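Dear colleague,

Please find below the structure that I am handing over to you. I would be grateful if you would read the notes that follow it alongside the coordinates.

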Amino acid sequence: FPSHDIKVGEWKDKSGNGRNGTNTLTGRPTLKTGIYNGRNTIRFNGTSNFLSLPNFYNLGTDDYTAFIVTKVTTPASFTVIFEQAAPASARRFVFFVGSGAQRYQYYHNSFVGSGILGTSVNSIFKAVSSGTSRTFSINNGTPATATLADFDSTGNFTYLGNSSYNEYLNGDVCEVLFYSRALSAGDQTLIYNYLAAKWGI
């Protein structure tokens, strides 16, 4: 990559399924080179940058395992890393960070796992959905759990670096992995260790 910053209009899905993150508008995030372990990252400015994602899963009803490698700058209020929401609904699956250097996970209009970790460090967010069980953790710590009613997010919208309430991310997203099943504990550990080594966590 050249040394100057590049505005990102599309982040390709490496699975080959075409689930690319896109932004054809002016609020595109920036490719930053050689940031973590010499690797590139996507930087969001906290005021206008985001990527839209296609409806690849219904995170209210499907089984899945998700990993997001991110570094968040402490926000004044709320800043969102990832969100999927049903239209005209407060029911959301979202990783977000609150003021006071705390990280949270939020699902189906209820907070889960407040105060897990301070901000401004490179971290791995993980969520696992199996049936009606949800677990959330950061850096493989003790997971927060939820057994909340599912929501139907048919016709949902999905954002990376923003939310339906325009809570823009101030920070970096290095990698996003989604699996269409609840992975075994052993597989989760293998993937976590791979990501931690890759991104210097």
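This is a predicted model: local features need pLDDT of at least 70, side-chain atom pairs count only at pLDDT 80 or more; totals for chains, interfaces and linings use all residues.

Residues are numbered from 1 along each chain as its sequence is written, and side-chain values use heavy atoms, with hydrogens and water left out.

Aromatic pairs

The structure holds five aromatic pairs (rings of Phe, Tyr and Trp, the last by its six-membered ring, with centres within 6.5 Å; planes under 30 degrees apart count as stacked, over 60 as edge-to-face and the rest as tilted). One of them joins Phe82 and Phe178, whose ring centres are 5.4 Å apart with planes at 35°, so this pair is tilted. The pair links distant parts of the chain, with Phe82 in strand 8 (residues 78-85) and Phe178 in strand 16, 96 residues apart (strands are DSSP runs of E, at least two residues, numbered from the N terminus). Both Phe82 and Phe178 are buried (under 20% relative accessible area; exposed is over 50% and partly exposed in between, with a 1.4 Å probe and protein chains only).

Phe157 and Tyr159 also form a tilted pair, because their centres lie 5.8 Å apart and their planes stand at 55°. Phe157 is partly exposed at 26% relative accessible area, whereas Tyr159 is buried at 19%. Ring pairs connect Phe157 and Tyr159 with Phe50 and Tyr168 in a cluster.

Phe50 and Asn23

Phe50 sits in the loop between strand 5 (39-45) and strand 6 (51-53), and is buried with a relative accessible area of 13%. Leaving aside neighbours within four places in sequence, Phe50 has contacts that include Asn23, Leu25, Phe44, Tyr159 and Tyr168 (heavy atoms within 4.5 Å).

Asn23 belongs to the loop between strand 3 (21-22) and strand 4 (30-36) and is buried at 3% relative accessibility. A polar atom of the Asn23 side chain lies 2.7 Å from the backbone nitrogen of Leu25.

Backbone angles

Most residues other than glycine have a negative phi. Asn139, however, has a positive phi near 50°; this residue is in the loop between strand 13 (133-138) and strand 14 (144-146). Asn166 has a positive phi of about 55° and lies in the loop between strand 15 (157-160) and strand 16 (170-179).

Yours sincerely

Definitions and conventions
Helices (H or I, at least four residues) and strands (E, at least two) are DSSP runs, numbered from the N terminus. A polar contact is a pair of N or O atoms within 3.5 Å; within protein, one must be able to donate a hydrogen and the other to accept it, and residues adjacent in sequence count only if both atoms are side-chain atoms.
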